[in-house]
Amino acid sequence: MKAAYYEGNEKIRIGDCVPAPPSKGQVQIRVSHCGICGTDLHIFHGKMDGRVHFPQVMGHEMSGTIGALGDGVDGFATGDRVTVRPLDPCGHCPACRAGHSHICQNLKFIGIDAPGALQGLWTVPVHTLHRLPANLSFAQGALIEPLAVACHDVRMGEVREGEYVVVQGGGPIGTLIALVAGAQGARVLLAEVNPFRLALAKELGLETVNPRAIDLVQLVTEQTGGAGADVVFEVSGAAAGAEMMTKLPRTRGRIVVVALFPDPPAVDLFRFFWRELKLAGARVYEAVDFEAAIQLAASGTLPLDRIVTNVIPLEQLEFGFREMERGGNVMKVLVECS
Ligand SMILES: NC(=O)c1ccc[n+]([C@@H]2O[C@H](COP(=O)([O-])OP(=O)(O)OC[C@H]3O[C@@H](n4cnc5c(N)ncnc54)[C@H](O)[C@@H]3O)[C@@H](O)[C@H]2O)c1
Ligand SMILES: [Zn+2]
Ligand SMILES: [Zn+2]
């Protein structure tokens with residue numbers, strides 16, 4: 001069994017996995033697949049060195065099989081196919097007490113603040129587990145976490161059937177948001193600038209636009225009879241996206257900020273006044289979003305397999321990061337961990 005250790009300075013070492021025996025309330029999982037996410041790339045680039053513990057095992061988008069149970073674990077057995085909701089809230093802060101434990105004020109994100117899934121054997125608290133239905137492959141199972149992000153975002157955006165939705169940013173998260181909103185009966189326009197991702201989104205049946213090539217405001221205005229979009233999801237994390245997001249909604253339209261902006265972008269607050277816009281933030285997911293993602297994936301209605309552009313062995317993890325950082329022809333990269 002191997003593990004990928006981030007040692008700082010963009011250095012990954014593949015070494016032997018040092019399995020943690022499951023203690024009370026924990027399970028040990030034989031990891032099958034683990035997706036690489038933008039957050040892992042941030043860690044690889046040293047942007048989160050203050051938060052991770054060297055050598056850090058990253059990874060939080062995974063699927064696998066339970067290999068061992070700690071004391072006091074009920075309801076799961078060895079051999080069960082599972083995915084993990086990688087959140088470990090404190091349970092007593094004001095956010096937890098208010099029922100918002102997914103954004104606990106002392107939240108431990110497993111894979112950042114604790115060892116992650118890019119290893120053969122991974123030990124996690126049993127409360128993080130969700131069962132994978134038999135008709136989902138392990139590769140599809142590793143997409144449940146980002147799909148749960150999308151389900152949460154669409155829920156926070158209160159998207160209703162027949163609404164007109166713009167998604168800015170067609171990376172894995174934006175593409176999944178577009179697919180989930182579409183599955184809920186919205187008309188979706190996906191704005192993306194990367195030609196490979198634009199082409200892929202089109203193949204998935206999405207209506208796409210390159211905001212650098214055409215006037216996006218004019219297009220949305222025309223397509224909505226002069227009204228504007230019901231909901232705009234900002235998932236690009238680009239300054240241009242933050243600037244654009246306020247220009248697109250209708251009166252009393254909604255904006256959902258999903259992307260992370262490490263530096264505060266310029267945002268036109270006048271538009272909030274002028275059109276009485278509403279702004280919502282959306283961060284990770286709750287258990288209901290994981291269950292919704294699993295049901296949606298198992299229904300077979302989403303082209304999930306086609307979002308996976310690369311499946312690589314653990315030894316090629318660095319190659320995966322390099323492809324992502326150079327904006328190569330990749331969407332979701334999955335790593336085989338066992
Ligand atoms: N809210 C959460 O809990 C949560 C969870 C996961 C990821 N995220 C964040 O969501 C964002 C998207 O994640 P991802 O993995 O899809 O990232 P990504 O970097 O792969 O995708 C961003 C996409 O935006 C495109 N883009 C850049 N400028 C644009 C513009 N002006 N207009 C339209 N598109 C533009 C890029 O080409 C890229 O494809 C990131 O900021 C990520 O950190 C948030
Ligand atoms: Zn992620
Ligand atoms: Zn808390």
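Predicted model: local features only at pLDDT ≥ 70, side-chain atom pairs only at ≥ 80, totals over all residues.
Residues are numbered from 1 along each chain as its sequence is written, chains are lettered from A and ligands numbered from 1 in the order in which they are written, and side-chain values use heavy atoms, with hydrogens and water left out.

**View 1. The zinc ion (ligand 2) and its donors.** C37 (SG), H60 (NE2) and E61 (OE) coordinate the zinc ion at 2.1 to 2.7 Å. Donors are N, O and S atoms within 2.8 Å of the metal (3.2 Å for Na, K and Ca); water is not among the atoms, so sites may look incomplete. Along the sequence, the spacing of these donor residues is C-x22-H-E. H60 counts as buried because its relative accessibility is 2%, and E61 counts as buried because its value is 2%. Buried means under 20% relative accessible area, exposed over 50%, and partly exposed in between (1.4 Å probe, protein chains only).

**View 2. The surroundings of ligand 1.** Ligand 1 is surrounded by 21 residues, of which the closest are E192, R197, V258, A282 and V284. A residue is counted here if one of its heavy atoms lies within 4 Å of the molecule. A polar side-chain atom of E192 is 2.5 Å from an oxygen atom of the ligand. On its own, ligand 1 has 860 Å² of accessible area, and the protein covers 81% of that. Accessible areas come from the Shrake-Rupley method with a 1.4 Å probe; for residues, only the protein chains shown count as cover.

**View 3. The largest nonpolar core.** This core has 95 residues, and those with the most contacts inside it are L118, L129, V167 and F233. Its largest share, 7 residues, comes from helix 4 (residues 144–156). A nonpolar core is a set of buried Ala, Val, Leu, Ile, Met, Phe, Trp, Tyr and Cys residues joined through side-chain atoms within 4.5 Å. A second, separate core has 16 residues, including L216, L219, A229 and L277. In soluble globular proteins, nonpolar side chains tend to be buried together.

**View 4. T123 in strand 8.** Strand 8 covers residues 121–125. Helices (H or I, at least four residues) and strands (E, at least two) are DSSP runs, numbered from the N terminus. T123 counts as buried because its relative accessibility is 16%. Its side chain reaches the backbone oxygen of A20 at 2.5 Å.

**View 5. Backbone angles at P55, E158 and R252.** The peptide bond joining F54 and P55 is cis, with omega about -15°. P55 lies in the loop between helix 1 (38–44) and strand 4 (61–69). E158 is not a glycine, yet its phi is positive, near 50°; E158 is found in the loop between helix 4 and strand 10 (164–168). R252, also not a glycine, has a positive phi of about 60°. Most residues other than glycine have a negative phi, and most peptide bonds are trans.

Terms used. Polar contact = N/O pair within 3.5 Å; in protein donor to acceptor, adjacent residues only side chain to side chain.
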